[in-house]
Amino acid sequence: QAQLVESGGGLVEPGGSLRLSCAVSGLRSEDYTFGWFRQAPGKEREGVSCITAYGERTGYADSMKARFTIFRDDAKNTISLHMNALTPDDTAIYYCAKAPYLRGEACSLISASYDYWGQGTQVTVSS
């Protein structure tokens, strides 16, 4: 049974940075694609970033492409999201999710593509 546990959220001032981590257990992370999603109060869940197995490809939502970077360390079974230049619009619960690896294909930012989810970590950007 796969388990994903997010950490690293918190309160940060506008313009600040945070590093989120997703600890993966119950499977070999290197064989799977992972994504980060977020959900702000009153809004639908949206895709933030994704990375295929073996780090072959990454994907980002347009509004985050220049500010966020996704990493994977399969030796530690960890997927990370580095977030810079945060704004109040980035306030949300951030979720890590796992998807099957489809060789040769880009990763998806559609939540229906993912089959296991973490419980989320709260990120609040406020002065």
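User: Two strands count as paired if DSSP finds at least two bridges between them. In what order do the four strands of the open sheet stand?

Analyst: This is a predicted model, in which local features need pLDDT of at least 70 and side-chain atom pairs count only at pLDDT 80 or more, while totals for chains, interfaces and linings use all residues. Residues are numbered from 1 along each chain as its sequence is written, and side-chain values use heavy atoms, with hydrogens and water left out. Strands (E, at least two residues) and helices (H or I, at least four residues) are DSSP runs, numbered from the N terminus. The open sheet of four strands has antiparallel pairing, and its order is S1-S3-S8-S7.

User: Which strands stand at the edges of this sheet?

Analyst: An edge strand here has a single partner strand, so one of its sides is left without a neighbour in the sheet. The two strands in this position are S1 (3-7) and S7.

User: Which residue of S3 stands opposite Val 5?

Analyst: Strands S1 and S3 run antiparallel and are joined by five bridges. Opposite Val 5, the residue in S3 is Ala 23.

User: What is the handedness of the disulfide between Cys 22 and Cys 96?

Analyst: A search of the whole structure finds two disulfides, a disulfide being a pair of cysteine sulfur atoms within 2.5 Å. In the Cys 22 and Cys 96 pair the sulfur atoms are 2.1 Å apart. This pair links distant parts of the chain, 74 residues apart, with Cys 22 in strand S3 (residues 18-25) and Cys 96 in strand S9 (residues 92-99). The torsion about the S-S bond is about -80°, so the disulfide is left-handed.

User: Is Cys 22 buried or exposed?

Analyst: Buried means under 20% relative accessible area, exposed means over 50%, and partly exposed lies in between (1.4 Å probe, protein chains only). With a relative accessible area of 0%, Cys 22 is buried.

User: What is the handedness of the disulfide between Cys 50 and Cys 107?

Analyst: The sulfur atoms of Cys 50 and Cys 107 are 2.1 Å apart. The pair links distant parts of the chain, 57 residues apart, with Cys 50 in strand S5 and Cys 107 in the loop between S9 and strand S10 (116-117). The torsion about this S-S bond is about 75°, so the disulfide is right-handed.

User: Is Tyr 54 buried or partly exposed?

Analyst: Tyr 54 is found in the loop between strand S5 (46-51) and strand S6 (58-60). Phi of this non-glycine residue has a positive value, near 65°. Because its relative accessibility is 43%, Tyr 54 counts as partly exposed.
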